[in-house]
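Here is a friendly walk through some of the terms used for this model. Each answer sets a value beside its definition.

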Amino acid sequence: MVLGPRPDRADPAAPRPAPEPGTGRVTLVGGGPGDPGLITVAGLQALRQADVVVTDRLAPQECLAEIPAHAEVIDVAKIPRGEQTSQETINALLIDRARRGAHVVRFKGGDPYVFGRGGEEVVALTEAGVPVTVIPGVTSSIAAPELAGIPVTHRGLSQGFTVVSGHVAPGDPRSGVDWAALARSGTTLVILMGVHTLRRICTRLLADGMDPALPAATIADAGLAGQRVVRSTLAALPDAVEAAGIGSPAVTVIGAVAGGELPGTSALAERGLVR
Ligand code: SAH
């Protein structure tokens, strides 16, 4: 990619470039987990070239200071379990603004394709004949544990990780997650959107044979000033999270990597964990 100059923000009355109908397009930008330093260079560049920004609650709001003075900002904040802007409304908004000739940035938290409905928006835009590109973002499923010092994989401890949505509790007919398979996997389990369902998820994993003493941690507001980390075990995590008053957004990570002490290269060799 080529970096252009920063738009001049000094003069808010600077002439607004007249959008030409038919020349509009949409860029989906993954903004990372919340720290404005964790957006990509390409994502920031797209924001600096936006005529319209359609933003989510979890996208790093500080980055909006970078958009041109003429740009329109539309907040479609989705408050969990509260008032929502429907996906159809958002799709229609993106199509409408692009058809009027605007460069529309759809600004999302984390990565657009990890529980971000980015795929749905790309389908809707493509069906409407609107050009769309996607700029990946740093996903909270990896970054939230990482910002709490927890690597999702580590030699000798975990050879993989699975990211699942906890939005629908185990046992709910709408759930498509095979929790028993996850309990057996021997790899790291990362749960997004799982604060309200945490107790039911942990109970289910224990019933499916997961070790109650397995380390587990919940990280809330990762990358933001109010970041909080609760470390516990699989069996004790729901009580610990409740006692700490943790709310959404939070990521839970379950597995040996969440234990706090990571074996270094020589320790791994001494314990015969790696060859
Ligand atoms: N596309 C996003 C995920 C959207 S789903 C991504 O890739 O990160 C929303 C969920 O993401 C939240 O319920 C929470 O589980 C997680 N999340 C997003 N930002 C977070 C943050 N700063 N701290 C902790 N969890 C976060």
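Two strands pair if DSSP finds at least two bridges between them, and strands are DSSP runs (E, at least two residues) numbered from the N terminus. This is a predicted model, where local features need pLDDT of at least 70, side-chain atom pairs count only at pLDDT 80 or more, and totals for chains, interfaces and linings use all residues. Residues are numbered from 1 along each chain as its sequence is written, and side-chain values use heavy atoms, with hydrogens and water left out.

Q: What makes strand S2 and strand S4 a pair?
A: Four bridges join S2 (residues 52-55) to S4 (residues 103-108), and the definition asks for at least two, so they pair. The two strands run parallel, and Val52 stands opposite Val104 in S4.

Q: Why are strand S3 and strand S5 said to stand at the edges?
A: The open sheet has five strands in the order S3-S2-S4-S1-S5, with parallel pairing. S3 (72-75) and S5 (132-135) each have a single partner strand, so one side of each lacks a neighbour in the sheet.
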